[in-house]
Amino acid sequence: LDRTRSLRQRGVIRGALLDVDLAAIGRPVQALIAVRIRPPSRRNIEAFRDWAAHLPETVGVFVISGSEDFLIHIAVAGNEHLRNHAVAPAPATQSSA
């Protein structure tokens with residue numbers, strides 16, 4: 001433990017990996033959802049990012065380049081929940097396409 005603590009204090013170890021079994025917590029179905037924000041203003045993009053990051057199903061939120069603005073990684077209980085989540089309305093401050 002002393003050596004690990006020393007490595008952390010010196011910044012050699014910057015973090016640790018926690019591997020969660022999503023099926024064990026009732027979320028065996030994972031999906032990546034591409035989202036386009038319109039109009040693509042900084043306010044809309046930041047609001048969507050914050051909203052998506054706080055959804056309980058969200059595993060990760062990634063800003064991407066290309067025709068879409070975000071890639072959202074979610075984990076849900078089943079395919080029906082996935083369908084409902086994929087078409088869920090975004091906050092009123094932005095629209096997704």
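Me: Which residues make the nonpolar surface patch of about 330 Å²?

Reply: Quick caveat first: this is a predicted model, where local features need pLDDT of at least 70, side-chain atom pairs count only at pLDDT 80 or more, and totals for chains, interfaces and linings use all residues. Residues are numbered from 1 along each chain as its sequence is written, and side-chain values use heavy atoms, with hydrogens and water left out. A patch takes residues with over 30% relative accessible area and no salt bridge, joining like charges within 9 Å and nonpolar side chains (Val, Leu, Ile, Met, Phe, Trp, Tyr) within 5 Å; a salt bridge puts a side-chain nitrogen of Lys or Arg within 4 Å of a carboxyl oxygen of Asp or Glu, and areas are Shrake-Rupley with a 1.4 Å probe, only the protein chains shown counting as cover for residues. Here the patch is made by Leu-18, Val-20 and Ile-25.

Me: Is Leu-18 buried or exposed?

Reply: Leu-18 sits in the loop between α1 (2-9) and β1 (29-35); helices (H or I, at least four residues) and strands (E, at least two) are DSSP runs numbered from the N terminus. Buried means under 20% relative accessible area, exposed over 50%, and partly exposed in between (1.4 Å probe, protein chains only). With a relative accessible area of 72%, Leu-18 is exposed.

Me: What pattern does the protein chain follow along the sequence?

Reply: The chain has three helices and five strands. Read along the sequence, they give α-β-β-α-β-β-α-β.

Me: Which residues form the aromatic cluster?

Reply: Rings of Phe, Tyr and Trp (its six-membered ring) pair if their centres lie within 6.5 Å; planes under 30 degrees apart are stacked, over 60 edge-to-face, the rest tilted. By this rule there are two aromatic pairs: Phe-48 and Trp-51 are tilted, 5.6 Å centre to centre with 45 degrees between the planes. Those two are three residues apart in helix α2 (residues 42-53), so about one helical turn separates them, while Phe-48 and Phe-70 have centres 5.1 Å apart and planes at 50 degrees, so that pair is tilted. The cluster is Phe-48, Trp-51 and Phe-70.

Me: How many residues apart in sequence are the parts that the pair of Phe-48 and Phe-70 ties together?

Reply: Both Phe-48 and Phe-70 are buried, Phe-48 at 3% relative accessibility. Phe-48 lies in helix α2 and Phe-70 in strand β4 (residues 70-76), so the pair ties together parts separated in sequence by 22 residues.
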